[in-house]
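Q: I have this model open and would like to go through it with you. Where would you begin?

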Amino acid sequence: MALPMRNTVFRIFWRKGLSCCRFSTGSSYFQHDLVRVRFAPSPTGYLHLGSLRTAFYNYCQAKSRKGVFILRIEDTDQTRKVEGATESIMDDLDWAGIPPDEGPLVGGNYGPYIQSERKHIYLDAIETLLKKGAAYPCFCSENRLKLLRKEATRRKEIPKYDNKCRSLSTDEIEEKKSQGIPWVVRLRVDDWSQSWDDKVYGHIVINHNEGDPVLLKADGYPTYHFANVVDDHHMKITHVLRGEEWHSSTPKHLALYQAFGWDPPALAHLPLILNPNGTKLSKRQGDIGVDYFKRKGYAPLVLLNYLTLTGGGFKTSATYPVCFPLEQLIQKFHLKNVTSHSGRLGPHNLEILSRQYLLAKLETKEGEKELVQHTIGLIRDHYKNRLSDEELGKHIYDEEHICYVLKWALPERITRPEDLLGEQFIFLWEMPDKTDIADFLEKTGADCGIILNAGLEVVKTMEQVDVESIHTALIKKAKSSKIGVNKFMPVLRYVLFSTVEGPRVGEIISALGRKQSLYRLQRALDLIDTSAVQG
């Protein structure tokens, strides 16, 4: 059934004397259909922050409108394909909590979802264009094309194909094919002037003449741009959200839609994500891959919230980074809120969001248990070759102790559980050596028992295990025991911390918590009693 005239996809108008095909993308034709978006990466490497943001914005566009999020692997350039990249991309989307509704693993009604498995669809589409006269075979050799590029460079012009093979007759084409001359298929483009209404950047006009583009390569594989358009049409994609670097390719895509007589989807180009210093992200960087953040221990939700700070799109009145649940991010998303200017990454915001996320988890029993078990696993793996004492496993891996440490450290000391593996926190996990403690106590003298008992009494009776309260109580106890503070504190510090000098004892006890501090003090006192019995 023909669409009403007001919904036609393109109309001819005149601009500055040039005949220009203006595409009114995102017409009411699409608005009445189910929203279908796609994330279409090439398997040429790992998923980085830019591509994850594109995937996430597509996901939000679909879910905020009860639509469908599709994963399509665009692997038509087999020379750049990286082994295992496809699997890695799918794993990363699953880890991030934004799995596709249709894709290579989950299937769907519009598959296959890997382009190398869709060659028959592209060949049918090529045949359609050839029959219409919208495309033609080109037999120009690579050497000739290199000479064209070289000559254009010499003249300081933009290199483009001179459309030489457009004029070949049917007999000439058949003769060249019979001679086995390699050939490609090119799109016949008479007018490169294109304009469209971008959902982010507004009305855009581009006139970028590069000569008739290749659609089908000599190896039988379609070019990226041709397959992209054919797949978007056959998969009924209603909205294309992609990076602004694709602006220059859009006229080529619109020319293809026009050649087929197809309706183009609504187009929304997302602004660039830049490094903190304003430079572009590069895959050569080791700190922008999704795997990097996974290994560092950042939660998926933290990373997704982090990405919303560099492109807009989410309606919020917060002036401070806020780690919203995924459901709220989806509700807040709208294309009209996406900015048209590039955004710089702010690593400090990532730390703020991570701390918020972890503190929120500690507020629920389920979240607390999950975080505690995760931290126990980290500590166990990191110290597996350093913790040999059986009593260590019993007390260091105690859930109550781990939970206490997390609550002590998170407000201002750490932003990830992995931070607790740093050397400054080693005293939390490595118990002072028994032999060293016994030697120290023996050399220090008879007051050690009094000091340890005094420390035990203070910690047991303290209502609040905070630094200042403990410090004040210990000084008061030292004076009442008639033992100088300069002797009293080093003994406690050594049995708790393994060194005579270091942080204030109140800080150590505050970090260890009541239960762990009592255990270490009693452990040292038992060494004195054992020594006395043996003596």
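Loops, helices and their packing

A: Lys 482 is exposed, with a relative accessible area of 79%, where exposed means over 50%, buried under 20% and partly exposed in between (1.4 Å probe, protein chains only). This is a predicted model, in which local features need pLDDT of at least 70 and side-chain atom pairs pLDDT 80 or more, while totals for chains, interfaces and linings use all residues. Residues are numbered from 1 along each chain as its sequence is written, and side-chain values use heavy atoms, leaving out hydrogens and water.

Q: Where is Lys 482 found?
A: Lys 482 is in the loop between helix H18 (467–480) and H19, helices (H or I, at least four residues) and strands (E, at least two) being DSSP runs numbered from the N terminus. Its phi is near 55 degrees, a positive value in a residue other than glycine.

Q: And which value has the phi of Lys 236?
A: Lys 236, also not a glycine, has a positive phi of about 55 degrees, and its place is in the loop between H7 and strand E10 (239–243). At 48% relative accessibility, Lys 236 counts as partly exposed. Most residues other than glycine have a negative phi, and most peptide bonds are trans.

Q: Which residues does the cis peptide bond join?
A: The cis bond joins Gly 111 and Pro 112, with omega about 0 degrees, and Pro 112 lies in the loop between helix H3 (85–96) and H4.

Q: Moving on, at what angle do the axes of H4 and H7 cross?
A: The axes of H4 (residues 119–132) and H7 (residues 224–234) come within 10 Å of each other and cross at roughly 100 degrees; axes are lines fitted to C-alpha atoms, for helices over the stretch in contact, and angles run from 0 to 180 degrees between N-to-C directions. The two helices are therefore roughly perpendicular, a label for 65 to 115 degrees.

Q: Which residues make the contact?
A: Ile 121, Tyr 122, Ala 125, Ile 126 and Leu 129 of H4 make it with Phe 226, Ala 227, Val 230, Asp 231 and His 234 of H7, contact meaning heavy atoms within 4.5 Å.

Q: What about H13, and which of its residues are buried?
A: Helix H13 (residues 365–382) has 18 residues and reaches 26 Å from its first C-alpha to its last, close to the 26 Å expected at 1.5 Å a residue. Its buried residues are Gly 367, Leu 371, Val 372, Thr 375, Ile 376, Leu 378 and Ile 379. Seen down the axis of H13, they fall within an arc of 165 degrees, so they line one face of the helix; the arc is that of directions from the helix axis to the C-beta atoms. The face turned away from the buried side carries the exposed residues Lys 365, Glu 366 and Asp 381.

Q: How far apart are the axes of H13 and H15?
A: The axes of H13 and H15 (residues 399–409) are 9 Å apart, and the helices pack at an angle of about 100 degrees, which makes H13 roughly perpendicular to H15. Residues of H13 including Leu 371, Val 372 and Ile 376 meet a set in H15 that includes Ile 402, Cys 403 and Leu 406.

Q: Last one, is Arg 493 buried or exposed?
A: Arg 493 is buried, with a relative accessible area of 12%, and its place is in helix H19 (residues 485–497). Not counting residues up to four places away in sequence, Arg 493 touches several residues, among them Ser 498, Glu 501 and Ile 508.

Methods: Parallel < 35°, antiparallel > 145°, perpendicular 65-115°, else oblique. Expected span 1.5 Å × (residues − 1).
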